[in-house]
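Subject: Structure handover

Hello,

Here is the structure I said I would pass on. My notes on it follow below.

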Amino acid sequence: MKVVAIVGSIRKESYNMQLAQFIQKRYTEKLDLEVLSLKDLPMYNQDIENEAPQEVLDFKAKVKAADAVLWVTPEYNGTVPGVMVNAIDWLSRVDKVMIGKPSIIMGASMGNLGTVKAQLHLRDILFSPGINSPLLSGNDVYIGAVHTKFDAEGNLTDEGTVKFLDVVIDNFLNWAKKYI
Ligand code: FNR
């Protein structure tokens with residue numbers, strides 16, 4: 001299955017980016033995962049949505065070509081970071097490439113609650129009419145105190161979390177294939 005990961009942090013040492021890259025490496029046999037960065041995505045502007053910049057067209061083409069999307073979100077001030085919302089705004093307009101495409105949400109934060117609030121908000125946003133993405137339920141991945149769970153090479157070293165991810169990825173692939 002071809003999946004794109006959309007990561008809501010653009011900082012160099014992002015734990016959420018490390019999580020996406022860890023998933024890419026660990027499940028390479030069962031999952032063709034491309035990790036997308038939102039670093040160069042321009043700000044959404046309705047004035048230019050019909051002649052969108054090339055970076056937007058490229059981003060949307062990659063999402064369109066994917067069978068499913070993995071959203072990996074940090075939590076900023078109790079909600080979804082602006083770069084993630086910006087990406088969603090582009091995806092929700094003109095050719096609405098997310099409609100009907102299955103998604104899973106994960107997130108990592110330094111706080112103990114591991115992006116619970118951001119994920120609840122993101123879940124709600126992804127049900128909006130311009131996105132309308134079926135979401136896997138019952139497999140919530142909240143990684144709290146993330147700064148204690150990765151080593152210097154970007155490997156997730158927390159055994160319990162890795163074991164849980166193994167199960168969630170299998171559940172996701174089994175569930176998402178019925179939408180392809
Ligand atoms: C944060 N952080 C944070 N953490 C949290 O658990 N709940 C929150 O509401 C916030 N709010 C917040 C706002 C802003 C502007 C920043 C910069 C940070 C801390 C956050 O979990 C931490 O910086 C993570 O490392 C961010 O994810 P990445 O960039 O490592 O992927």
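Predicted model: local features only at pLDDT ≥ 70, side-chain atom pairs only at ≥ 80, totals over all residues.

How many bridges join strand 1 to strand 2, and do these strands run parallel or antiparallel? Strand 1, which covers residues 2–7, is joined to strand 2 by five bridges, and the two run parallel.

The average pLDDT of the protein is 98, and 100% of the residues reach at least 70. For the complex, the predictor reports an ipTM of 0.99 and a pTM of 0.98.

Overall fold

The protein has five helices and five strands. Along the sequence they follow the pattern β-α-β-α-β-α-β-α-β-α. The radius of gyration is 15 Å, close to the 16 Å that the globule rule gives for 180 residues, so the protein is as compact as a globular protein of that length. Along the principal axes, its C-alpha atoms fill a box of roughly 45 × 35 × 25 Å.

Five strands form an open sheet in the order 2-1-3-4-5, and their pairing is parallel. Strand 2 (32–36) and strand 5 (141–143) are at the edges; each has a single partner strand, so one side of each has no neighbour in the sheet. On average, neighbouring strands are turned by 20 degrees against each other, with direction ignored. Helix 4, made up of residues 116–126, packs on this sheet. The helix touches strand 3 (68–72), strand 4 (103–108) and strand 5. The direction of helix 4 makes about 160 degrees with that of strand 4.

The ligand

There are 13 residues around the ligand, and those that come nearest are Ser-9, Asn-16, Pro-74, Ser-109 and Gly-111. What is the make-up of the shell around the ligand in nonpolar, polar and charged residues? Seven of the shell residues are polar, four are nonpolar and two are charged.

Regards

Notes
Residues numbered from 1 in each chain as written. Near = placed C-beta within 6 Å. Nonpolar A, V, L, I, M, F, W, Y, C, P; charged D, E, K, R; others polar. Pairing = 2+ DSSP bridges. Helix = DSSP H or I, 4+ residues; strand = E, 2+ residues; numbered from the N terminus. Axes fitted to C-alpha atoms, helices over the stretch in contact; angles between N-to-C directions. Contact = placed C-beta atoms within 7 Å. pLDDT = per-residue confidence, 0-100. Rg over C-alpha atoms; globule rule 2.2 N^0.38 Å.
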